[in-house]
Amino acid sequence: MVEAQTWTTRRGSNPRLETTEQVVDIPATPPGGVRNSGFAIGSYMSSNVLTALIIASWYLSNIGVLLLNKYLLSFYGYRYPIFLTMLHMLSCAGYSYVAINWLELVPLQHILSRRQFLKIFALSAIFCFSVVCGNTSLRYLPVSFNQAIGATTPFFTAIFAFVITCKKETGEVYLALLPVVFGIVLASNSEPLFHLFGFLICIGSTAGRALKSVIQGIILTSEAEKLHSMNLLLYMAPMAALILLPFTLYIEGNVAAFTVEKAKGDSFIIFLLIGNATVAYLVNLTNFLVTKHTSALTLQVLGNAKAAVAAVVSVLIFRNPVTVMGMTGFAITIMGVVLYSEAKKRSKVTTH
């Protein structure tokens with residue numbers, strides 16, 4: 001049997017090695033968790049930075065499209081809200097095609113039946129009504145007041161849900177809607193630039209937005225017919241553009257001649273229209289990205305804050321007059337929306 005020779009005995013057999021007593025200190029290999037901690041921290045920070053950038057893009061696009069619409073319709077003299085909305089729809093159709101078919105942000109879904117097609121077409125018609133009314137109202141109302149009215153969407157959603165589906169909410173939810181309504185009444189009575197027609201079509205836009213969400217929840221309920229928001233936009237946008245085309249030709253028949261004439265003297269109009277249409281698509285894209293990287297609840301909270309931020313920014317840019325009573329009414333409405341969201345959340349928890 002041969003004994004295993006140790007390092008000591010091997011070193012002792014060589015006198016030249018005995019004269020040197022140098023010891024090389026090799027550090028221990030760190031455990032895997034320690035090695036990967038730096039990478040994990042870097043990934044966490046980069047993920048947070050990405051989420052922050054997406055949220056900032058969402059704010060910029062949402063507020064940007066409002067301000068651009070207001071500037072074009074009220075200050076630049078481009079008084080064609082239906083054509084402007086049609087441009088938005090064409091832009092959404094084109095960019096959605098690129099995002100889904102080329103960039104593959106989400107898998108492509110197909111319309112599977114004539115029934116599903118008609119349902120999406122009905123949603124497109126409601127969508128058209130809501131967006132056209134919203135854009136038209138910006139001709140007559142300041143952005144701050146427009147956003148105050150838009151914040152009442154939960155009130156109309158609750159009404160349509162009850163009338164159409166007989167869905168009843170808890171008493172707490174209905175109570176939370178009282179400050180929503182009271183705030184907008186207060187803001188309306190003290191709005192220096194109040195315009196009745198603008199107010200009514202803005203209410204129509206808000207009601208249309210609420211109706212679309214309720215109808216969408218009813219007609220696209222089966223698993224086979226459910227579409228991802230990006231795919232739904234891909235199909236709704238061209239339908240909406242086709243619906244708007246005859247109205248544009250009939251009501252705003254001189255829009256093409258005006259645009260060409262305006263572009264000859266000021267080519268900036270082309271940049272404004274393309275930029276406006278692109279930002280309109282980015283609103284939908286960033287909605288999807290915020291939901292993907294955070295949650296639908298976060299998007300709802302951001303939406304509550306967006307109205308107030310947009311109002312403040314618009315006042316700073318367009319210098320429209322505001323009153324203390326109007327600001328108070330707006331604040332009460334936003335507070336009511338927050339209370340409504342919390343009450344809805346609690347009622348869902350109770351139900352489940």
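This is a predicted model: local features need pLDDT of at least 70, side-chain atom pairs count only at pLDDT 80 or more; totals for chains, interfaces and linings use all residues.
Residues are numbered from 1 along each chain as its sequence is written, and side-chain values use heavy atoms, leaving out hydrogens and water.

**Whole chain**
- Of the 352 residues in the protein chain, 43% are buried (under 20% relative accessible area, 1.4 Å probe, protein chains only).
- The accessible surface is about 19,600 Å², and 69% of that belongs to carbon and sulfur atoms (Shrake-Rupley method, 1.4 Å probe).
- Take the contacts (heavy atoms within 4.5 Å) between residues at least 6 apart in sequence: 86% of them join residues at least 24 apart.

**Helix α6**
- Helix α6 (residues 143–150) is mostly covered, with eight of its eight residues buried.
- The buried set includes V143, F145 and I149, but also S144, N146 and Q147.

**α10 against α12**
- The axes of α10 (residues 229–251) and α12 (residues 268–293) come within 10 Å and cross at roughly 160°; axes here are lines fitted to C-alpha atoms over the stretch in contact, with angles from 0 to 180 degrees between N-to-C directions.
- That makes α10 roughly antiparallel to α12 (over 145 degrees).
- On the α10 side, S229, M230 and L233 meet Y281, N284, L285 and F288 of α12.
- Sorted by type, the residues of this contact are five nonpolar, two polar and no charged.

Conventions: Helices (H or I, at least four residues) and strands (E, at least two) are DSSP runs, numbered from the N terminus. Angles under 35 degrees count as roughly parallel, over 145 as roughly antiparallel, 65 to 115 as roughly perpendicular and the rest as oblique. Ala, Val, Leu, Ile, Met, Phe, Trp, Tyr, Cys and Pro count as nonpolar, Asp, Glu, Lys and Arg as charged, and the others, Gly among them, as polar. Buried means under 20% relative accessible area, exposed over 50%, partly exposed in between (1.4 Å probe, protein chains only).
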